[in-house]
Amino acid sequence: MKERFVKHGTFVVERVYAASPERVYHAWADPIAKAKWFSQPEIFDFQVGGREYSSGGPPEGPIFTFDAVYQELIPEQRIVYTYTLDSDGIRISVSVTTVELIQVEGGTKLIFTEQGAFLDGHDTPEMREHGTNIMLDTLGKVVDGEEKTGTGQ
């Protein structure tokens, strides 16, 4: 019988973007905008109680399934969601995520906090934090680039 265990972890990642809170919130709230920096959703219902679902991965890698429910949405200020992440059909984590958007001089400070239960060694808080850093860097390129070129919302 395989040993089962849970590693709990919380991490916080902060970024400052040269874009308004409205633009950063839009990058999370609009499926076309979000697909520029996150996976293309198959289901995208951005409202409290709504679901976001995507499944995919690299051609030679595992298939990741992201299944989220939005718990609280305060436009231009806060996004709270819970989600599960599976890899090739195996549940690897269950998380609560809070995204805070704070207007600062010249842009937006984003504070991303994730509290997770990482299951059976398939994923770790450290690996997830690393991936989140890459994801938020990509988000920054999208929102900062749109701000500078004047495209997007």
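**Grounds for the terms used**

Modeller: Pro-21 touches Glu-76, Leu-101, Gln-103, Gly-107 and Thr-108, leaving aside residues up to four places away in sequence; a contact means heavy atoms within 4.5 Å. The model is predicted: local features need pLDDT of at least 70, side-chain atom pairs count only at pLDDT 80 or more, and totals for chains, interfaces and linings use all residues. Residues are numbered from 1 along each chain as its sequence is written, and side-chain values use heavy atoms, with hydrogens and water left out.

Colleague: Why is Pro-21 called buried?

Modeller: Its relative accessible area is 9%, and buried means under 20%, against over 50% for exposed and in between for partly exposed (1.4 Å probe, protein chains only). Pro-21 is therefore buried.

Colleague: What makes helix 1 mostly covered?

Modeller: Seven of the nine residues in helix 1 (21–29) are buried, among them Pro-21, Tyr-25 and Trp-28. The helix is a DSSP run of H or I with at least four residues, whereas a strand is a run of E with at least two; both are numbered from the N terminus.

Colleague: How is the order of the sheet known, and which strands are its edges?

Modeller: Two strands pair if DSSP finds at least two bridges between them. Seven strands form an open antiparallel sheet in the order 1-7-6-5-4-3-2. Strand 1 and strand 2 (43–44) each pair on one side only, and these are the edge strands. One of the bridges links Ser-95 to Gly-116 in strand 7.

Colleague: What makes a set of residues a nonpolar core, and which have the most contacts inside the largest one?

Modeller: Such a core is a set of buried Ala, Val, Leu, Ile, Met, Phe, Trp, Tyr and Cys residues joined through side-chain atoms within 4.5 Å. The largest has 28 residues, and those with the most contacts inside it are Trp-28, Ile-79, Tyr-81, Leu-110, Phe-112, Leu-136 and Leu-139. Helix 3 gives the most to this core, with five residues. Beyond four places in sequence, Leu-110 touches residues including Val-24, Trp-28, Leu-136 and Leu-139.

Colleague: How confident is the predictor, and where is the pLDDT below 50?

Modeller: The chain averages a pLDDT of 93, and 94% of the residues score at least 70; pLDDT is the predictor's confidence in each residue, from 0 to 100. Over residues 147–153 the pLDDT is below 50. Where pLDDT is low, predicted coordinates should not be read in detail.
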